[in-house]
Amino acid sequence: MSTEKDWQTSKNSIKTRCAFVFNNELLSDVNFVVRASSGEDNKIVPAHKFVLSISSPVFFAMFHGKMAETSSLIHLPDCDYDDLLEFFRYLYTDDINLSGANVLQVLYLANKYIVPSLAEKCTDFLRTNLDAPNVFCILPLAQHFGEEGLVKRCWEVIDKRTEEAVKADEFVELDRCLVETVVNRESLCVKEIELYSKLLIVGLQENSRNKVNQSIQVARVKDKF
């Protein structure tokens, strides 16, 4: 491993020094294995237990708690390389490059590892970029993480721009309970025929999912004999 000589002397703040070792094997004492964003083989992200531990109570418990992780190789099947890298960038530098492509996954990681300052930045980004075509993508996640302010803003968009919102693919993929909540709102702004046609698609989608689930259950029963 090669690095510039006396690199510490050219970094005049703790932020720039941490930024220098971000995603760098230098002084690294743990590696995370994640799936590649492009769908290729897994990739490895080097990290530093100290930096992660002072940034997240979850990482602190993971590395220094009673049941501390002893392996230097940790598999994370619930995120991909680019999203984890962006999450770590914030932990190392306080900087974050959010986009429509990564904000939901970064918000998931911020909540999973209890980094509220990052979660707030993610919800602010979502609130600013919330629109009718993406509202049904954002609403379920906002509800899951208890982001009440964002949930309220989602409903405001749904009420005002219902017809545009229900045209999104995400609407027909919603859980039945959430679909019923939408339909039962008296403040929707949509033609009944438009909503009815979408509900037909939702019904077909649900019926298809039920058939798949039934097939799985039948196959499992057959395996018992």
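The questions below concern a predicted model, and each answer sets a value against its cut-off.

Q: What makes up the protein in terms of helices and strands?
A: The protein has twelve helices and three strands. Of its 225 residues, 38% are buried, where buried means under 20% relative accessible area.

Q: Why is helix H5 called roughly antiparallel to helix H6?
A: Start with the angle: the axes of H5 (residues 103-112) and H6 (residues 116-129) cross at roughly 150 degrees and come within 8 Å. Angles over 145 degrees count as roughly antiparallel, so H5 is roughly antiparallel to H6. As for handedness, the crossing of H5 with H6 is left-handed.

Q: How do you know which residues of H5 and H6 meet?
A: Contact means heavy atoms within 4.5 Å. By that test, Val103, Leu104, Val106, Leu107, Ala110 and Asn111 of H5 meet Leu118, Ala119, Cys122, Thr123, Phe125 and Leu126 of H6. Sorting the residues of this contact gives ten nonpolar, two polar and no charged.

Q: What makes S2 and S3 the edge strands of the sheet?
A: The sheet is open, with three strands in the order S2-S1-S3 and mixed pairing. S2 (43-47) and S3 (73-80) each have a single partner strand, so one side of each is left without a neighbour in the sheet. From one strand to the next, the twist averages 30 degrees.

Q: How do you know that S1 and S2 pair?
A: Two strands pair if there are at least two bridges between them. S1 (residues 30-35) and S2 have five bridges, so they meet that requirement, and their pairing is antiparallel. Looking at one residue, Val34 has Lys43 in S2 as its bridge partner.

Q: Why is Arg153 called partly exposed rather than buried or exposed?
A: Buried would need under 20% relative accessible area, and exposed over 50%. Arg153 has 30% relative accessibility, which lies in between, so Arg153 counts as partly exposed.

Q: Where is Arg153, and what does Arg153 contact beyond its neighbours within four places in sequence?
A: Arg153 sits in helix H8 (residues 148-160). Setting aside neighbours within four places in sequence, Arg153 is in contact with Arg127 and Leu130. Val135 is 18 residues from Arg153 in sequence, with a C-alpha to C-alpha distance of 9.3 Å.

Q: What share of contacts in the protein join residues at least 24 apart?
A: Counting contacts between residues at least 6 apart in sequence, 59% join residues at least 24 apart.

Definitions and conventions: Residues are numbered from 1 along each chain as its sequence is written. This is a predicted model: local features need pLDDT of at least 70, side-chain atom pairs count only at pLDDT 80 or more; totals for chains, interfaces and linings use all residues. Side-chain values use heavy atoms; hydrogens and water are left out. Axes are lines fitted to C-alpha atoms, for helices over the stretch in contact, and angles run from 0 to 180 degrees between N-to-C directions. Helices (H or I, at least four residues) and strands (E, at least two) are DSSP runs, numbered from the N terminus. Angles under 35 degrees count as roughly parallel, over 145 as roughly antiparallel, 65 to 115 as roughly perpendicular and the rest as oblique. A crossing is left-handed if the near helix is turned anticlockwise from the far one by less than a right angle, and right-handed if clockwise. Ala, Val, Leu, Ile, Met, Phe, Trp, Tyr, Cys and Pro count as nonpolar, Asp, Glu, Lys and Arg as charged, and the others, Gly among them, as polar. Buried means under 20% relative accessible area, exposed over 50%, partly exposed in between (1.4 Å probe, protein chains only).
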